[in-house]
Amino acid sequence: MTPFMLRVAEIVGAQVEPDALPMPATRLSRRIATGTGADRQVALRSLAEQLVCEANAVLGAADDQLALVDETLPSELAFSVTCRGRRARVSTAFADGTAIGRLIGDGFDSEAPVELDSPDALPDLLVRLLLESGVRHHPVHL
C-alpha cells in the first residue's frame, strides 16, 4: 500500500477529531505563463487521478467513493473531486497569454482567489474532502 492509501485507511478505520482536518497548502492565485499554467494543471490532474484510485481501493463502499470529473471549457482546464455531496474544484483559466489557477470548494472561502501551493497539497485536499463528507468508518485490513 502507498503512504496515501495508509492515510486513507487510518481515516476509515478510526474516528478522526474535527480539528484534525488537514488544510491543504494554498497561495494567492497569480498570473503565470500559459505553458507553465497548463503544465501545472495537467500534473495536478494526473496526480488527482492516481490519488482518487488509491483512495477508492481502500474505501470499498460505492457511496463512499471519490469521483473525479473533468470539465470541458473553451478557455479553462478544470476538474472536480466529489464525495457524498462535497466538492473541490481545481482549475486553470487562460486569457491574454497568461494562466491563473483557482481552488474552489467548501471550506476554501477567501476574499482573493487561491490555488493549491503545489501538487504536495493535493493529498490534504482529498483527505479533507473525505472527512468533511462523513465517510463511514469500518475496519480496514492492510
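Biologist: What makes the contact between Glu71 and Arg89 a salt bridge?

Modeller: In this predicted model, the closest N and O atoms of Glu71 and Arg89 are 2.9 Å apart, and because a salt bridge requires a side-chain nitrogen of Lys or Arg within 4 Å of a carboxyl oxygen of Asp or Glu, the pair qualifies. Glu71 belongs to strand E3 and Arg89 to strand E5, so the bridge ties together parts that are 18 residues apart in sequence.

Biologist: Why are Glu71 and Arg89 given the burial classes they have?

Modeller: Buried is under 20% relative accessible area, and partly exposed lies between that and the exposed class, which is over 50%. Glu71 has 22% relative accessibility and therefore counts as partly exposed, whereas Arg89, at 12%, counts as buried.

Biologist: How do you know that Arg86 and Glu132 meet in a salt bridge, and which parts of the chain does the pair link?

Modeller: Their side chains come to 3.0 Å, N to O, and because the cut-off is within 4 Å, the pair is counted as a salt bridge. Arg86 lies in strand E5 and Glu132 in helix H3, 46 residues apart, and the pair links these distant parts of the chain. With 26% relative accessibility Arg86 is classed as partly exposed, and Glu132, with a relative accessible area of 22%, is partly exposed. Elsewhere, salt bridges that share partners join Glu71, Glu76, Arg87 and Arg89 into one network.

Biologist: Why is the pair of Arg45 and Asp70 called a salt bridge, and how many salt bridges does the structure hold?

Modeller: The N to O distance between the side chains of Arg45 and Asp70 is 2.6 Å, and since the limit is within 4 Å, this pair is a salt bridge. The structure holds ten salt bridges. Here Arg45 in helix H2 is linked to Asp70 in strand E3, 25 residues apart, and Asp70 has a relative accessible area of 45%, which means that it is partly exposed.

Biologist: What makes Glu54 a residue without a salt bridge, and which residues does Glu54 touch?

Modeller: Glu54, which is found in helix H2 (residues 34-59), is buried, and the nearest side chain of opposite charge, that of Arg7, is 10 Å away. Because a salt bridge needs the atoms within 4 Å, Glu54 has none. Not counting residues up to four places away in sequence, Glu54 touches Thr2, Phe4 and Met5. The buried residues of H2 also include Gly37, Leu44 and Leu51.

Biologist: How do you know that the length of H2 agrees with what its 26 residues should span?

Modeller: At 1.5 Å a residue, H2 should span 38 Å, and its end C-alpha atoms are 37 Å apart, which agrees. Just after H2, Gly60 takes a positive phi of about 80°.

Biologist: What is the order of the strands in the open sheet, and why are E2 and E3 called edge strands?

Modeller: The five strands run in the order E2-E6-E5-E4-E3, with antiparallel pairing, and strand E2 (32-33) and strand E3 (67-73) each pair on one side only, as an edge strand does. Helix H3 (residues 122-132) packs on the sheet, touching strand E4 (76-83), E5 and E6, and its direction makes about 145° with that of E5.

Biologist: How do you know that E4 and E5 pair?

Modeller: DSSP must find at least two bridges between two strands for them to pair, and E4 and E5 have eight, in the antiparallel sense.

Biologist: Why do Arg84 and Asp96 fall into the accessibility classes they do?

Modeller: Arg84 has a relative accessible area of 36%, which lies between the limits of 20% and 50%, so Arg84 is partly exposed. Asp96, placed in the loop between E5 and E6, has a value of 80%, and because exposed means over 50%, Asp96 is exposed. Phi of Asp96 is also positive, near 55°, in a residue other than glycine.

Definitions and conventions: Residues are numbered from 1 along each chain as its sequence is written. This is a predicted model: local features need pLDDT of at least 70, side-chain atom pairs count only at pLDDT 80 or more; totals for chains, interfaces and linings use all residues. Side-chain values use heavy atoms; hydrogens and water are left out. Helices (H or I, at least four residues) and strands (E, at least two) are DSSP runs, numbered from the N terminus. Buried means under 20% relative accessible area, exposed over 50%, partly exposed in between (1.4 Å probe, protein chains only). Lys and Arg count as positive and Asp and Glu as negative; His and the chain ends are not counted. Contact means heavy atoms within 4.5 Å. Axes are lines fitted to C-alpha atoms, for helices over the stretch in contact, and angles run from 0 to 180 degrees between N-to-C directions. The expected span of a helix is 1.5 Å times one less than its number of residues.
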